[in-house]
Amino acid sequence: MTETSHDEAASFEADPFEQRWIVVSLILLIAFMVTVTIAGFALGFQVPGAESRVDPRTVADSPPWNEPGLRDLGGGEYAAYVISRQYLFDPRTITVPVGSSVTFYLTSIDVQHGFLLQNTNVNMQVVPGEVSRLTVDFDEAGEFDYICNEFCGAGHAAMFGSVIVEADEGGA
Amino acid sequence: MLTQQSVYEVSKKDRRFVGAHLLVAIGALSVGSLFGPLQAFEWSGLDLYGLLEPLGLGDYYKGLTIHGVLNALVWTTFFITGFLTLVMIVGLKRPLRYPTLNRVGFYTMVVGLVMAAIPILAGAASVLYTFYPPLAASWAFYLGLTLVVVGSWIEGYGFYLTMAEWRRENPGTRSPFIVLAALITMVMWQFAALGIAVEILTMLLPAALGIIDGTDPELGRTLFWFTGHPLVYFWLLPAYISWYGMLPKQAGGKLFSDTLARLAFWLFLLLSIPVGFHHQFADPGVPVGWKYIHSILTYGVAFPSLLTLFTVVASLEYAARKRGGRGLLGWIRALPWGNPVVSAQLLAGILFMFGGIGGITNASYSVNLVIHNTAWVPGHFHLTVASATTLSFFGISYWLIPYLTGKPLWKPKWASVVNWSWFVGMMIFSNAMHVLGLLGAPRRTELGKAPYVPDEWSGHLFRMSLGGAILLVGVTLFVVIAARTAFQKRRFAAGEGVEFPIAVSMRDPQLTPLWLDRFRPWLIATAVLVVVAYGPQLLDQFSNASFNSPPISP
């Protein structure tokens with residue numbers, strides 16, 4: 001056989017079962033795409049984005065990072081500025097009343113860290129030179145640990161802090 | 001059919017060359033694997049690092065670096081380059097065009113390995129196998145890794161030149177599937193490795209040498225993951241070559257579809273690179289829009305894996321029915337489970353199905369925040385690189401070492417024990433890791449020393465270390481079998497031996513359309529897609545780069 005005759009006979013051919021499987025696969029993947037799109041953009045389950053850049057060598061000298069901690073924005077809304085460094089979070093505890101909506105801002109002044117707030121959807125990479133931001137609503141009283149989940153050096157395992165959500169004293 | 005029946009005799013020199021790759025690979029595995037169970041035991045409260053202190057190996061994170069570098073980078077890269085070298089030679093039925101070039105590549109890799117190993121063992125590179133800046137390692141670590149990568153590229157160039165020569169000798173003939181697949185694997189790797197090459201050469205190495213004061217850590221992450229995700233396909237595709245191109249033959253059947261097998265490999269080339277931001281969903285500094293686009297493209301790269309699931313299972317069903325298997329699922333029992341070469345790959349495939357489901361979760365944009373940097377992630381990749389890849393490589397070794405040495409497999413029944421202990425151990429280990437991740441346990445942490453571990457985790461931590469212990473038994477037995485096979489005195493008697501398994505396709509490969517046997521259109525499409533999916537964000541991060549994060553030792 002010559003090359004021409006091969007190429008004329010050659011064709012893209014898939015078995016009927018295989019064709020059906022391809023269709024099922026595509027439907028499955030499109031369903032996943034639609035689901036994450038709705039969750040992310042209609043229901044607001046968002047990931048951190050490009051917030052702002054800072055200089056890791058000097059960031060701790062100027063506002064708001066020179067005074068890490070909680071800011072009451074009124075109306076149950078708070079901003080929490082947390083500095084990460086080997087091997088602690090500053091501040092180590094944050095206390096808010098139940099029903100608060102807290103936006104966490106994090107940056108690092110040395111190496112990369114992580115900020116995993118237990119039992120919430122807050123989980124951020126903390127990178128020198130960048131600010132990470134996510135918001136969480138605390139609807140239940142209790143203690144929520146935030147732990148460093150990126151390897152940052154020998155003392156990494158000890159690096160954690162806590163959000164204390166206090167019950168409403170007047171009764172909800 | 002006819003051409004594939006004739007046997008090509010690989011020269012003794014080439015067998016030794018491939019064997020040298022395996023020697024380094026299995027040597028690395030045997031050392032690196034010891035540290036996995038140590039980590040598992042430490043998590044469950046049994047800290048054995050004190051025993052290793054006299055050897056200078058008492059540091060958890062030094063051990064974790066060794067485990068990651070040797071198992072995920074060295075075992076894989078050396079096994080893959082060796083295995084693919086043989087695939088090229090036997091598949092094309094001709095020696096390498098420039099054997100010296102391939103030897104230069106191999107020795108470059110060996111020099112790089114030694115250069116990286118020295119600072120790791122000296123404790124000057126305990127930065128784990130992701131070496132995120134500004135954590136700093138010795139310059140020798142970065143240079144050593146660079147040489148390993150460059151060496152693998154050189155071996156790839158040797159493959160391309162061999163292929164070009166074969167094309168000249170065989171005009172109009174479709175390339176053999178396993179050869180095309182080997183070449184696609186190498187091309188994909190060379191494309192993908194550009195990210196890490198730029199990261200090391202422009203930031204990490206100059207910073208380690210004191211030429212620049214600091215790095216831009218977020219730019220480093222983007223460049224790392226440009227390479228980091230396709231790297232997992234570099235580990236996986238050689239296993240796929242065996243599943244598609246060899247396993248059907250070993251199970252007693254044929255490859256169901258040559259056309260779909262080639263299409264799957266091309267789609268891996270096209271889609272495995274522009275998906276790296278799915279490792280950075282939790283990152284600052286990358287806009288949500290790009291993360292979303294990469295999430296969608298990641299579903300795209302799941303498509304060729306779903307194609308693979310169909311084609312491989314269909315090929316196996318054909319083999320099983322030929323062997324007398326019956327029933328909707330009853331045919332599965334008719335597969336040659338007693339052959340350790342086959343059972344390793346079947347069990348690897350089953351573990352990989354769970355890995356694939358977990359992978360979809362990881363890729364799912366905001367869902368990723370539930371598991372990012374938790375124990376779930378190592379739970380996941382122990383089902384992929386440590387199962388789909390590693391257990392398949394075990395299965396390949398059971399015929400490859402006898403093929404290379406002319407010596408029969410030492411105690412094949414024990415090889416079956418390796419496979420099943422790996423399967424059972426990994427099921428227990430990875431399930432526990434996934435659950436721990438969902439409960440919020442962080443990965444890459446010396447958890448036995450962590451003050452925040454709740455009692456709720458302890459049962460799962462115990463299961464995890466139990467799985468780790470079973471895996472240690474499995475891998476130890478594998479290394480013993482490999483060594484006893486290679487270094488025994490006994491040889492195959494006349495008329496005995498192992499043949500190189502090449503599965504025949506049900507349809508003549510000459511009938512596969514030409515566009516599935518041509519590199520140019522796919523290379524262009526890949527380059528275009530990478531530029532579209534990565535170009536704007538990379539440009540933005542480069543033009544706004546600030547190299548102001550000074551290196552800091554861990």
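Start with the order of elements in chain A. From the N terminus, it runs α-α-β-β-β-β-β-β-β-β-β-β. That is 2 helices and 10 strands. Keep in mind that this is a predicted model.

Burial next. Of the 172 residues in chain A, 36% are buried. Now contacts. Take those between residues at least 6 apart in sequence; 59% of them join residues at least 24 apart.

Let me zoom in on one strand. Strand 5 of chain A covers residues 101–108. Buried or exposed, what are most of its residues? 6 of the 8 are buried, so strand 5 is largely enclosed by the rest of the structure. Look at its partners. Strand 2, residues 77–85 of chain A, pairs with strand 5 in the parallel sense, over 8 bridges. In that pairing, Ile83(A) stands opposite Thr107(A) of strand 5. Strand 8, residues 132–137 of chain A, also pairs with strand 5. Here the sense is antiparallel, with 6 bridges. One bridge to pick out on screen: Thr103(A) has Thr135(A), in strand 8, as its partner.

Over to chain B. It has 18 helices and 0 strands. The radius of gyration is 23 Å, close to the 24 Å from the globule rule for 554 residues, so chain B is as compact as a globular protein of that length. Its C-alpha atoms fill a box of roughly 65 × 50 × 45 Å, again along the principal axes. Buried residues come to 58% of the 554. For contacts with a separation of 6 or more, 86% are between residues 24 or more positions apart.

Last topic: where the chains meet. 60 residues of chain B are in contact with 57 residues of chain A. Which helices of chain B each supply at least two residues to that side? Helix 10 (217–245), helix 12 (258–271) and helix 13 (288–322). Helix 13 gives the most, with 10 residues. What does the chain B side look like by class? There are 35 nonpolar, 17 polar and 8 charged residues on the side that touches chain A.

Methods:
Residues numbered from 1 in each chain as written. Chains lettered and ligands numbered in written order. Predicted model: local features only at pLDDT ≥ 70, side-chain atom pairs only at ≥ 80, totals over all residues. Helix = DSSP H or I, 4+ residues; strand = E, 2+ residues; numbered from the N terminus. Buried ≥ 20, exposed ≤ 12 C-beta atoms within 10 Å, placed from the backbone. Contact = placed C-beta atoms within 7 Å. Nonpolar A, V, L, I, M, F, W, Y, C, P; charged D, E, K, R; others polar. Rg over C-alpha atoms; globule rule 2.2 N^0.38 Å. Pairing = 2+ DSSP bridges.
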